[in-house]
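Please consider the structure shown below with its sequence at hand. The paragraphs that follow lead through selected charged pairs, surface patches and contacts across the chain.

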Amino acid sequence: MRIPGRTERRVVAAILVTALIPLVASIVVARTVIARVSATAFQPEFGVHLDRALGVYAELAAAIKQGMRSEADAIVAADPLRESAFTGDAQRLEGELTRIIAAHPALVSLRVERCGGELVGARERGRPVDPAHEKTLTVRKAIARAPGHAAEPGDPAPDDGGCDGDARTLIATFAAPSARFDELDAAQAFAQAYHALEREHRKEYLDESYGDAFAALLGATILLAILAGVLVARPVVDRIARLAAATRPVAEGDLSVRVGLQGDDEVADLGRAFDRMLEELEGSRARIEFLKRMGEWQKMARHLAHEIKNPLTPIQLAVEECHRRYAGIDPAYQRLLQTTLEVVEEEVGTLRRLVGEFSNFARLPRAELEPSDLAEFLREQGERFAAVEEAEREHASDEALLGRVDLEFDVPDVPMPAALDREMLRRALGNIVRNAAQALRDAQRAAPGGGAGERPGAAVWGSVRVSARSEGQSHLIAIDDDGPGIDPAVRDSVFDPYVTTRYDGTGLGLSIVKKIVVDHGGTIDVLESPLGGARFVIRLPRAGTPAARAALGAEAFSDGDREPASEGAAPMRPAARGGQAPRGTG
C-alpha cells in the first residue's frame, strides 16, 4: 500500500479536524445535558414523593374495598334481612334484597345461600358490569338468626362436613369505577421501574451507556473522516504527482511530454494549462529551430549563387569565342564545336535558373501579417487559378500545368478571420498546387505507353482539390491530389532545403512554403490523401488566438541577426529516387 504523502496527510488532517471539532463540542454539550437530566430525574425527593403518591392510591383503594366490606357488614346486621333470610318466604326475601340494592348504589347483586351453595334468594341491580370501566369486589358474610327466631322443622340438619344446614350466607357483589384502580396499577408499575432504574441501572444506563455510545460515534467519525480524506485527497495528490513528474523531463528539454489530466477542477485546469504551455513551447521551439536552419540555408544559397554565377559568363564567352574563331573546313570538328556550344549554353541556362532560385530563396522576406478573411482569400485564389487554367487550355503548350488538371476549391461561405500576408500565402498555395500538377504530369509520363501523358479517353492528368474549414482555434487548408503521393520515408524531411524527389527540382519550393506558413504562426504537414495521392495540410491560427498574437508580435530573423552556420549544419541531401513516378517536392 502506498504511503500517503505530505499533501495527502495534510488534507486528511484538515478533514479530520473539521469533522472532530463539531463532534467533540456536541459530545461535551450532550454529556452535560445528560448529567443534568440524570441529576434532575434521579433526585431522592422524586422517589419519596412517588412512594407517597403510590401510598395514597393504595390507601384509597383499600378504603374503597373496606367501605364495601363495611356496607356488607351493615347489610348482614340489619334485622329485616336476618328475619327474611330464615323465614323461608322467598317473596319476602326478594323484596328485602330489592330494597337493599336500591339503598346501596355500589351493589351489583345479592345472593343468599344455604350451606352447601343452595340458593335461597338473589337480586341484581338491573344492568350488567362494564369490565372496561368497573371493578367488582365480592364479599361473603354469614347471616345470623334474628333474636327469638328458632330453627324451623323443615330446616336441613348439618352435614357430615361440619356445615350447619340452618346457616345462611350473604354474597354481595360491589362495583366501583376502575379508573382509580388502573391508576394504582400504573403508579405501581412506574414506581417499580423507577426504583429498579434508580437502584440498578442509573450509573450504567445514563453514564456508561451514553458514554460508550458517544465514544463509538467518535471512533466511527474518526475512521470515516480518515477514509473520506484519503478518498478526496488521493485523486488530487495523484494528479499533482503526475504534474510534478511531468516537469522533470521538461526540465531536461523534452517538450513532448503531456499530463492529460481529466476533470473539471482547478488541478485539471492546471494540467490542461500545462499541456497547452508545452504545446506552445514545443511549437515555438520548432519554429525557432526551423527559422534558424532556414537562415543557415539562405546563407548557403546566397554563397552558392555568388560562386556559381561568377564563372558562368566567362565559360559561355570562351566557348562562343572558340566556335566563332574556328575557320577550318573539317565538318566533323565543326559539328563538335556546334554541339559543345549548344551543351554549354543549355547547361549555363540551367545554372542561371538555379542561381536565380538560390537568390530568390536567399532574399526570401518575412511575412507582413494583416487582419484578413482566409475564406475570401481562398475564393479569390480559386478564381485566379480558374483564369490561369482557361488561359493554358486555350494556348496549349508543353509548359502548361494547370490547364491539364481538374482544380477544385471547396471554401465555406462563413468568414474565417486570420492574420495573413496575402502575397506570400498566395505564393505558398501556388507552389503546392503546381507541385501537385507536376506530380500528376510526371506520373503520366512515366506510365506505360511512353510519355503521351494522356489517360485513355481523358484530356487531363488528374484532380487537385483545395478545401478549407475551421477547427478549434485554427483554420485548416487541405490540398489533395490523386497522384502517386509521397513516399512515407521522405515525409519527415520533405520540407528541408535541397531535398527533392524530382529530377529537375531544386528542393527549395516546399522549404519556402513552410517558411511562409511558419511566419504566419501555423504548421504544415504532408499526409496520405483520401484521393489516393498526397495531402498537404496547412494549419493557420484564428485571429485573436494566442498563436495569432504571437505571430503578429514575433521578430523576424534578418540576415544580420542570424548566427553563423554551425559545424553541425545538416548537409544537402541527395534526391530520393523511387520505382514509380514520385510525388514532386521541388
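**Charged pairs, patches and chain contacts**

Asp-519 lies in helix H10, which covers residues 509-519; helices (H or I, at least four residues) and strands (E, at least two) are DSSP runs, numbered from the N terminus. The model is a predicted one, in which local features need pLDDT of at least 70 and side-chain atom pairs count only at pLDDT 80 or more, while totals for chains, interfaces and linings use all residues. Residues are numbered from 1 along each chain as its sequence is written, and side-chain values use heavy atoms, with hydrogens and water left out.

Asp-519 counts as buried, at 8% relative accessibility. Buried here means under 20% relative accessible area, exposed means over 50%, and partly exposed lies in between (1.4 Å probe, protein chains only). The side chain of Asp-519 makes a polar contact with the side chain of Lys-515 at 2.7 Å. A polar contact is a pair of N or O atoms within 3.5 Å; within protein, one must be able to donate a hydrogen and the other to accept it, and residues adjacent in sequence count only if both atoms are side-chain atoms. Lys-515 also forms a salt bridge with Asp-519, with 2.7 Å between the closest N and O atoms. The term salt bridge denotes a side-chain nitrogen of Lys or Arg within 4 Å of a carboxyl oxygen of Asp or Glu. Both Lys-515 and Asp-519 belong to helix H10 and stand four residues apart, about one turn of the helix. Lys-515 counts as buried, at 5% relative accessibility.

Side chains of opposite charge can pair when their charged atoms come close. How many salt bridges does a search of the whole structure find? The search finds 18. One of the pairs is Arg-99 with Glu-96, whose closest N and O atoms are 2.2 Å apart. Arg-99 and Glu-96 are separated by about one helical turn because they are three residues apart in helix H4 (residues 90-103). Arg-99 is partly exposed, with a relative accessible area of 43%, whereas Glu-96 is buried, with a value of 11%.

Another salt bridge links Glu-279 to Arg-258, with the closest N and O atoms 3.9 Å apart. Glu-279 lies in helix H6 (residues 266-325) and Arg-258 in the loop between helix H5 (178-251) and H6, so the pair ties together parts that are 21 residues apart in sequence. Glu-279 is partly exposed at a relative accessible area of 46%, and Arg-258 is partly exposed at 30%.

The account now turns to surface patches. A negative surface patch is formed by Glu-342, Glu-345, Glu-346 and Glu-347. Patches are made of residues with over 30% relative accessible area and no salt bridge, like charges being joined within 9 Å and nonpolar side chains (Val, Leu, Ile, Met, Phe, Trp, Tyr) within 5 Å. For the charges, Lys and Arg count as positive and Asp and Glu as negative, with His and the chain ends not counted; the place of a charge is taken as NZ of Lys, CZ of Arg, CG of Asp or CD of Glu.

Leu-224, Leu-227 and Leu-231 form a nonpolar patch on the surface, with about 330 Å² of accessible area together. Accessible areas come from the Shrake-Rupley method with a 1.4 Å probe; for residues, only the protein chains shown count as cover. Leu-231 lies in helix H5 and counts as exposed, at 58% relative accessibility.

Helix H3 (residues 79-87) has as its buried residues Leu-81, Arg-82, Ser-84, Ala-85 and Phe-86. Just after H3, Gly-88 takes a positive phi of about 85°.

Some contacts bring together residues separated along the chain. Arg-465 lies in strand E8 (residues 462-471) and is partly exposed, at 26%. The C-alpha atoms of Arg-465 and Ile-479, 14 residues apart along the chain, are separated by 5.7 Å. Pro-412 is placed in the loop between strand E6 (405-410) and strand E7 (417-420), and its C-alpha atom is separated by 6.9 Å from that of Arg-469, 57 residues apart along the chain. Ala-543, in the loop between strand E11 (534-541) and helix H11 (546-553), is 170 residues from Asp-373 in sequence and 9.4 Å from Asp-373 in space, C-alpha to C-alpha.
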